[in-house]
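Subject: Structure handover and notes

Dear colleague,

I am passing on the structure we spoke about, together with my notes on what came out of it. Please look through the sequence and the coordinates before reading further.

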Amino acid sequence: QVQLVQSGGGLVQPGGSLRLSCAASGFPFNQYNMFWYRYRPTSEKERELVASITMTGGRAEYLDSVKGRFTISRDNAKNMLYLQMDNLEPEDTGIYYCRTAYYAGAASWGPGTQVTVSS
């Protein structure tokens, strides 16, 4: 069955860095685009797309507010997805989810990990 296991996250001061990881299994990882979403309590959106990466890793796209600060990457040999977050801002606080384009219902989403940016 499809599993997305997230790690990373936590509490960091403004300007700090965090790295999120997402370990995928149960589907052909290297054949599907992958995504990072976030839910922010202060946002009107239920979840917003933060970053996406193509199956080969050759192309990535970002939410305007994180461009230049966040980097999405993947290791297809290890079935791993990453989100490097630098120069974090309090507005980045939220729950971050990885998602696969492979359809598996709710299992297409990771369980979420809390990121809190605060001094």
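What share of the 119 residues in the protein is buried? Buried residues make up 39% of them, and please keep in mind, here and in everything that follows, that this is a predicted model.

Overall make-up

The protein has ten strands and zero helices, so that its pattern, read along the sequence, is simply β-β-β-β-β-β-β-β-β-β. The radius of gyration is 13 Å, close to the 14 Å that the globule rule gives for 119 residues, and the protein is therefore as compact as a globular protein of that length. Taken along the principal axes, the C-alpha atoms fill a box of roughly 40 × 25 × 20 Å. Among contacts between residues at least 6 apart in sequence, 53% join residues at least 24 apart.

The four-stranded sheet

In which order do the four strands of the open sheet lie? The order is β1-β3-β8-β7, and the pairing is antiparallel. The edges are taken by β1 (3-7) and β7 (70-75), each of which has a single partner strand, so one side of each is left without a neighbour in the sheet. From one strand to the next, the twist averages 15°.

Strand β8 is mostly covered, with five of its six residues buried. It is joined to β3 by six bridges, the two strands running antiparallel, and β7 is likewise joined to β8 (residues 80-85) by six bridges in an antiparallel arrangement. In the hairpin of β7 and β8, four residues lie between the strands, and Asn79 takes a positive phi near 55°.

Tyr82 has a further contact to report, in that the charged end of Arg19 sits over its ring, 4.0 Å from the ring centre. Another arrangement of this kind involves Arg99, which lies over the face of Trp109 at 5.6 Å from the ring centre.

Aromatic pairs

How many aromatic pairs does a search of the whole structure find? The search finds seven aromatic pairs.

Tyr32 and Tyr102 form an edge-to-face pair, with 5.1 Å from centre to centre and 90° between the planes. This pair links distant parts of the chain, for Tyr32 is in the loop between β3 (18-25) and β4 (34-39), whereas Tyr102 is in the loop between β9 (94-100) and β10 (113-117), 70 residues apart. Are these two tyrosines buried or partly exposed? Tyr32 has a relative accessible area of 24% and is partly exposed, and Tyr102 counts as partly exposed at 24% relative accessibility; the reason is that buried requires a value under 20%, while exposed requires one over 50%. Phe27, Phe29, Tyr32 and Tyr102 form one aromatic cluster.

Glu61 and its surroundings

The last item concerns Glu61, which is found in strand β6 (residues 60-62). Glu61 is partly exposed, with a relative accessible area of 41%. Which residues is Glu61 in contact with, leaving aside its neighbours within four places in sequence? The contacts are with Val50, Ala51 and Ser52. The C-alpha atoms of Glu61 and Phe35 are separated by 9.5 Å, the two residues being 26 apart along the chain.

With kind regards

Conventions. Residues are numbered from 1 along each chain as its sequence is written. This is a predicted model: local features need pLDDT of at least 70, side-chain atom pairs count only at pLDDT 80 or more; totals for chains, interfaces and linings use all residues. Side-chain values use heavy atoms; hydrogens and water are left out. Two strands pair if DSSP finds at least two bridges between them. Axes are lines fitted to C-alpha atoms, for helices over the stretch in contact, and angles run from 0 to 180 degrees between N-to-C directions. Rings of Phe, Tyr and Trp (its six-membered ring) pair if their centres lie within 6.5 Å; planes under 30 degrees apart count as stacked, over 60 as edge-to-face and the rest as tilted. Buried means under 20% relative accessible area, exposed over 50%, partly exposed in between (1.4 Å probe, protein chains only). A charge sits over a ring if NZ of Lys or CZ of Arg is within 6 Å of the ring centre and within 35 degrees of the ring normal. The radius of gyration is taken over C-alpha atoms; the globule rule is 2.2 Å times the number of residues to the power 0.38. Contact means heavy atoms within 4.5 Å.
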